[in-house]
Amino acid sequence: MESFKRIVGVYLIIVAAVVAIHTVVEPLYYTSTEASPYSPHWSKLNALMVLAIVLGVIFGYIRKRGAGGGASINREYLEANIQFYGLLFVGILFFWNFFNLHSPGFTAIAMETVSAVWIVIDAALPLLLAAMGFSMLRSRE
């Protein structure tokens with residue numbers, strides 16, 4: 001289990017780096033239009049992000065459960081809870097937007113709102129995935 005955990009940690013770090021870099025670099029090579037607001041590379045990245053979110057939530061829950069808490073709140077408890085609930089929050093936003101992207105009319109929202117939510121996801125997800133990945137690599141459990 002330890003080696004699988006490390007592999008997942010490396011995967012989360014790689015996805016975090018790729019999403020962060022692509023978020024910053026995309027405007028340099030792709031011009032958005034009304035008909036095509038997003039780069040075609042996002043469809044490939046979205047598949048990687050789905051797996052990363054699911055793995056992050058699973059391992060975040062395992063870490064959160066093992067962090068304890070009880071009467072005293074320590075650093076490990078705070079880190080585990082912030083990472084777990086942060087990934088849940090971003091995951092909910094991601095899947096809401098993802099289903100809306102693949103099923104237009106899934107929700108009655110404007111494209112400006114969808115784009116704004118993608119910006120929040122693309123900014124927050126790399127931070128959470130990288131933190132989770134590095135904590136998995138440092139872990140001795």
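Trainee: At 23% relative accessibility, how does Glu-79 count?
Mentor: This is a predicted model, in which local features need pLDDT of at least 70 and side-chain atom pairs count only at pLDDT 80 or more, whereas totals for chains, interfaces and linings use all residues. Residues are numbered from 1 along each chain as its sequence is written, and side-chain values use heavy atoms, with hydrogens and water left out. Buried means under 20% relative accessible area and exposed means over 50%, with partly exposed in between (1.4 Å probe, protein chains only). Because the relative accessibility of Glu-79 is 23%, this residue counts as partly exposed.

Trainee: Which residue meets the side chain of Glu-79 in a salt bridge?
Mentor: Side chains of opposite charge can pair when their charged atoms come close. The criterion used here is a side-chain nitrogen of Lys or Arg within 4 Å of a carboxyl oxygen of Asp or Glu. For Glu-79 the N to O distance is 2.9 Å, and the partner is Arg-63.

Trainee: How many residues apart are Glu-79 and Arg-63?
Mentor: Helices (H or I, at least four residues) and strands (E, at least two) are DSSP runs, numbered from the N terminus. In those terms, Glu-79 sits in helix α3 and Arg-63 in helix α2, and the pair links distant parts of the chain, the separation being 16 residues.

Trainee: Which residues do salt bridges with shared partners join into one network?
Mentor: Glu-76 also forms a salt bridge with Arg-63, with 2.9 Å between the closest N and O atoms, and this pair again links distant parts of the chain, with Glu-76 in helix α3 (residues 75-102) and Arg-63 in helix α2, 13 residues apart. At 32% relative accessibility Glu-76 counts as partly exposed, whereas Arg-63, at 15%, counts as buried. The pair of Glu-79 and Arg-63 has its own bridge, and the network made through shared partners consists of Arg-63, Arg-75, Glu-76 and Glu-79.

Trainee: How many salt bridges does a search of the whole structure find?
Mentor: One of them joins the side chains of Glu-2 and Arg-6, at 3.6 Å from N to O, and both of these residues lie in helix α1, four residues apart, which is about one turn of the helix. Glu-2, at 27% relative accessibility, counts as partly exposed, and so does Arg-6, at 28%. For the whole structure, the number of salt bridges found is four.

Trainee: At roughly what angle do the axes of helix α1 and helix α2 cross?
Mentor: Axes are lines fitted to C-alpha atoms, for helices over the stretch in contact, and the angles run from 0 to 180 degrees between N-to-C directions. The axes of helix α1 (residues 2-29) and helix α2 (residues 41-66) come within 10 Å of each other, and their crossing angle is roughly 145°.

Trainee: How many residues of the contact of α1 with α2 are nonpolar?
Mentor: With contact meaning heavy atoms within 4.5 Å, residues of α1 including Val-8, Leu-12 and Val-15 meet residues of α2, among them Leu-45, Leu-48 and Leu-55. Ala, Val, Leu, Ile, Met, Phe, Trp, Tyr, Cys and Pro count as nonpolar, Asp, Glu, Lys and Arg as charged, and the others, Gly among them, as polar. On that division there are four polar and two charged residues, and the number of nonpolar ones is 16.

Trainee: Is His-22 buried or exposed?
Mentor: His-22 is placed in helix α1, and, leaving aside its neighbours within four places in sequence, is in contact with Tyr-29, Ser-39, His-41, Trp-42 and Leu-45. Because its relative accessibility is 11%, His-22 counts as buried.

Trainee: What distance separates the C-alpha atoms of Ile-13 and Leu-128?
Mentor: Ile-13, also placed in helix α1, is buried, with a relative accessible area of 18%. Ile-13 and Leu-128 are 115 residues apart along the chain, and their C-alpha atoms are separated by 9.5 Å.

Trainee: What share of the residues of the protein chain count as buried?
Mentor: The protein chain has four helices and zero strands. Among its contacts with a separation of 6 or more, residues 24 or more positions apart account for 68%. Of the 141 residues, the share that count as buried is 38%.
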